[in-house]
Amino acid sequence: MLRFDPDLNSWSFGLYFISVMAAKKTIQKEISLSGMGIHSGKNVRLVLKPAESGEITFLRVDLGRLEARLNPRNLEARNSTTLLGEQFQVRTVEHLMAALFAFGINSLSIELDADEIPIMDGSARPFAQAIKKAGMRRLALPVRPLKIRKPLILEEKDEFVSAAPSPSGGGVELSYSIEYPHPAIRRQSLSLKLSPQSFVREIAPARTFGFLKDVERLRSRGLALGGSFENAVVLDEEKVLNGPLRFPDEFVRHKLLDLAGDLGLLGRPLIGRFEAHKAGHRLHVKLVQFLLDHPEYWTAA
Ligand SMILES: [Zn+2]
């Protein structure tokens, strides 16, 4: 078996090494995006910078460049997924994380000047397009995918998330099903094998969605302050208010996007089949933390 030995980390060895094992990846060029936080309602400038560190770090340029590392143990998930740093938090990380996960980017410096990732158009398409345009680069740093070796399921009432070994022995397969007693949604389900291509085509454009009847309640709790027809599909009791939809089943596609983003918080490639039914960020993050606490369910491939 080929093992990484830092003493042998010559240029040629590094090249040979990354040619036979998965390597960490970063972006080739800096990416700059601006937008509004969907919950905070604040404008935020986001800059993604190539990094050689092998880690995803968040840096607050408005707080004297305070830094926090992506740590999947320190998360809070309700209406969105929040990374809890020691000195600051980063809200609504999931759509950016989904794009990074789909492209296999796990070494990056994320600079921002507010406490939330901008919602852009409510989807991951602006992030995916920017990453494609910037290009990617492999680093001479190995990464060992987390490979599911035995099935598990986490259930709460009529919701569940599950993980199982990959039937094909490689890659990530995602399945989602939802049921809403709403004429524009009803039952929707979708499965796909995640790749940069399938992500860009099938998942990244799907926008977040919300119900008009919930807006008042969310705003009274200081949430959805930046939500609008420009960054979310909004539904009243009967219909979509700001159509057309980008896909007839845009809702379940967005749930797959959220699941990909939350699984991406593990910060490494995954090998397995992941399924969710009527779940949300809270249950997705519970699965991430269950995997961290129960290494008997996986191997480092
Ligand atoms: Zn979402």
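**Entry 1: H2 against H3.** I looked up how H2 passes H3 and found a right-handed crossing, a term that applies if the near helix is turned clockwise from the far one by less than a right angle, anticlockwise being left-handed. Helix H2 spans residues 94-103 and helix H3 residues 125-134, and the two pack at an angle of about 40 degrees with their axes 9 Å apart. That makes H2 oblique to H3, since angles under 35 degrees count as roughly parallel, over 145 as roughly antiparallel, 65 to 115 as roughly perpendicular and the rest as oblique. The axes are lines fitted to C-alpha atoms over the stretch in contact, with angles from 0 to 180 degrees between N-to-C directions. On the H2 side the contact (heavy atoms within 4.5 Å) is made by His95, Leu96, Ala99, Leu100 and Phe103, and on the H3 side by Phe127, Ala128, Ile131 and Lys132.

**Entry 2: sources.** I note that this is a predicted model, in which local features need pLDDT of at least 70 and side-chain atom pairs count only at pLDDT 80 or more, while totals for chains, interfaces and linings use all residues. Residues are numbered from 1 along each chain as its sequence is written, and side-chain values use heavy atoms, with hydrogens and water left out. Helices (H or I, at least four residues) and strands (E, at least two) are DSSP runs, numbered from the N terminus.

**Entry 3: H2 against H4.** I then turned to helix H4 (residues 196-203), which packs with H2 at an angle of about 145 degrees, the axes being 8 Å apart. H2 passes H4 in a right-handed crossing, and the contact is made by Ala98, Ala99, Ala102 and Phe103 of H2 with Pro196, Phe199 and Val200 of H4.

**Entry 4: the zinc ion.** I looked up the protein donors of the zinc ion (N, O and S atoms within 2.8 Å of the metal, or 3.2 Å for Na, K and Ca; water is not among the atoms, so sites may look incomplete) and found His95 (NE2), His254 (NE2) and two OD atoms of Asp258, lying 2.1 to 2.8 Å from the ion. The donor residues are spaced H-x158-H-x3-D in sequence. His95 in helix H2 and His254 in helix H6 (residues 250-263) are 159 residues apart, a pair that links distant parts of the chain.

**Entry 5: backbone.** I found a cis peptide bond between Gly243 and Pro244, with omega about 0 degrees; Pro244 lies in the loop between strand E17 (233-235) and H6. Arg65, in the loop between strand E4 (56-60) and strand E5 (66-69), has a positive phi near 60 degrees.
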